[in-house]
Amino acid sequence: MPQLEGGVANEEPPPKKELPSFQTLCSTTTYGFYVRDPGTNYAQARYLCYYLQQRGLLREYYRQFRRNVQDDPGGYEP
């Protein structure tokens, strides 16, 4: 249990963890995505989709992704 100093916990914050690049995220395997760090991966993917949606790009991205999935299974290549 952390020591309390003046009613406030006296402990170091957890170290900051760097997110993988979008290229790394998009090219990970199903196992890597859902087993290695599912919370972080899911959150990052969700906000990538949200970013695209807010800019009106998500539908076209998804259409191109489905069209090119054989050549670009991660959907990252332009």
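This briefing covers the fold, salt bridges, aromatic rings and surface of one predicted protein model. Local features need pLDDT of at least 70 and side-chain atom pairs count only at pLDDT 80 or more, while totals for chains, interfaces and linings use all residues. Residues are numbered from 1 along each chain as its sequence is written, and side-chain values use heavy atoms, with hydrogens and water left out.

**Overall build**

- The protein holds 4 helices and 2 strands. Both kinds are DSSP runs, numbered from the N terminus: helices are H or I with at least four residues, strands are E with at least two.
- From the N terminus on, the order of elements is β-β-α-α-α-α.
- Of the 78 residues, 13% count as buried. Buried means under 20% relative accessible area, exposed means over 50%, and partly exposed lies in between (1.4 Å probe, protein chains only).
- Among contacts with a separation of 6 or more, 22% join residues 24 or more positions apart. A contact means heavy atoms within 4.5 Å.

**Salt bridges**

- Side chains of opposite charge can pair when their charged atoms come close.
- The structure holds 3 salt bridges. Each needs a side-chain nitrogen of Lys or Arg within 4 Å of a carboxyl oxygen of Asp or Glu.
- K17 pairs with D37, with the closest N and O atoms 2.5 Å apart. K17 lies in the loop between β2 (8-10) and α1 (22-27), and D37 in the loop between α2 and α3 (38-54), so the bridge ties together parts that are 20 residues apart in sequence.
- K17 is exposed, at 59% relative accessible area. D37 is partly exposed, at 24%.
- R63 and E60 form a salt bridge at 3.9 Å, N to O. Both sit in helix α4 (residues 58-68), 3 residues apart, about one turn of the helix.
- E60 also bridges to R67, with the closest N and O atoms 3.8 Å apart.
- R63 is partly exposed at 45%, and R67 is exposed at 56%.

**Aromatic rings**

- A search of the whole structure finds 4 aromatic pairs. Rings of Phe, Tyr and Trp (its six-membered ring) pair if their centres lie within 6.5 Å; planes under 30 degrees apart count as stacked, over 60 as edge-to-face, and the rest as tilted.
- One of these pairs is Y61 and F65: the ring centres are 6.3 Å apart and the planes meet at 15 degrees, so the pair is stacked.
- Y62 and F65 form a tilted pair, at 6.3 Å centre to centre and 35 degrees between the planes. Y62 and F65 both lie in helix α4, 3 residues apart.
- Y61, Y62 and F65 form one aromatic cluster. Y61 is partly exposed at 29%, and Y62 is partly exposed at 47%.
- R46 lies over the face of Y47, at 4.7 Å from the ring centre. For this, NZ of Lys or CZ of Arg must be within 6 Å of the ring centre and within 35 degrees of the ring normal.

**Surface**

- The protein exposes about 7,100 Å², and carbon and sulfur atoms supply 53% of it. Accessible areas come from the Shrake-Rupley method with a 1.4 Å probe; for residues, only the protein chains shown count as cover.
- Y31, Y34 and V35 form a nonpolar surface patch, with about 350 Å² of accessible area together. Patch residues have over 30% relative accessible area and no salt bridge; like charges are joined within 9 Å, and nonpolar side chains (Val, Leu, Ile, Met, Phe, Trp, Tyr) within 5 Å.
- V35 belongs to helix α2 (residues 30-36). V35 is partly exposed, at 46%.
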